[in-house]
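Here is a short briefing on one protein model. Look over the sequence and the coordinates before reading on.

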Amino acid sequence: MLASGSRGNCALVENAATGEGVLIDCGISKKAFLAGCEAAGFDVRCLRAILVTHEHSDHVKGLGVVLRGLAKLGVEPTLYVDEAVRRASAPVQEVQDACALEALTGEALSLAGMEVVPFSTSHDAASSCGFRFECAGDALGFMTDTGTVTGEAHEALRGVRILGLEANHDPDLLRNGPYPAAVKRRIASDAGHLSNEQAACELAALLDDRLEQVVALHVSQNNNDYRLPAAALSRVLGEAGHPARVSVGYQARPVSVR
């Protein structure tokens, strides 16, 4: 996770065998992107693709500056975007003629030596999705920006070794927080964001022997506390006697999970 939260999101999935990587979203600055890759020990010349989950600005606002910076280094990753998202996103439209652009259709993709399977999420966007990555018997699931866990998403997240799962808000902090009532209703809705407890319930339903790492994603800095999602997810693991480890994605510093 290079950045995770309401001010900007960007994650990197690396094929450890080849060093190649795939970026999920690009809602951060070029400086933050390059610094995050350096901190993770990733060579940006090995970036093969960028996947866009949806069109909200905290997920796409850095596309232009990052792609232009990569082009100066001779790096030209393919950008994968759902057609509805492309039509709804000014940042995507600004770069579409200057990069290799492919439609994200829901079909499995072969990227950086990994199979990538998109799945639908429930969010107030033109279209939104998460991703399952598979490679040499290993699997990673990544889901943020969803107000509820769809059946498709639940099935896609089964049997992964690394699980990135949204834990956006604490309901009490959201209810008593500074946001307008309409925004609070949106966040708590089925087209909004998962709470800590919703994430914990989904984790409980996904527990199996293959799971080793759980990462809380898109944690709100206004309606949550980084300790709360970690505690909620750890409680599920503790009650089940499960040995998986819990990490939290931060807004302002990268976190690596292997």
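The model is predicted. Its largest nonpolar core has 27 residues.

**Nonpolar cores**
- In soluble globular proteins, nonpolar side chains tend to be buried together.
- At least two residues each come from α1 (30-40), β3 (47-51), α3 (63-72), β4 (78-81) and α5 (90-95).
- The top contributor is α3, with four residues.
- Beyond its neighbours within four places in sequence, Leu79 contacts Ile50, Val52, Leu63, Val95, Cys99, Ala100, Leu101 and Glu102.

**Helix α9**
- Helix α9 spans residues 196-206, and its buried residues are Asn196, Ala199, Ala200, Glu202, Leu203 and Leu206.
- Viewed down the axis of α9, these buried residues fall within an arc of 165 degrees, so they line one face of the helix.
- Their cover includes α6 (151-156), β10 (162-166), β11 (213-217) and α10 (227-240).

**Aromatic pair**
- The structure holds one aromatic pair.
- Tyr226 and Tyr250 form this pair, which is tilted, at 4.5 Å centre to centre with 50 degrees between the planes.
- The partners are 24 residues apart: Tyr226 sits in the loop between β11 and α10, Tyr250 in the segment after β12 (245-248).
- Tyr226 has 22% relative accessibility, so it counts as partly exposed.
- Tyr250, at 23%, also counts as partly exposed.
- Arg253 lies over the face of Tyr250, 3.9 Å from the ring centre.

Key. Residues are numbered from 1 along each chain as its sequence is written. This is a predicted model: local features need pLDDT of at least 70, side-chain atom pairs count only at pLDDT 80 or more; totals for chains, interfaces and linings use all residues. Side-chain values use heavy atoms; hydrogens and water are left out. Buried means under 20% relative accessible area, exposed over 50%, partly exposed in between (1.4 Å probe, protein chains only). The arc is that of the directions from the helix axis to the C-beta atoms. Contact means heavy atoms within 4.5 Å. Rings of Phe, Tyr and Trp (its six-membered ring) pair if their centres lie within 6.5 Å; planes under 30 degrees apart count as stacked, over 60 as edge-to-face and the rest as tilted. A charge sits over a ring if NZ of Lys or CZ of Arg is within 6 Å of the ring centre and within 35 degrees of the ring normal. A nonpolar core is a set of buried Ala, Val, Leu, Ile, Met, Phe, Trp, Tyr and Cys residues joined through side-chain atoms within 4.5 Å.
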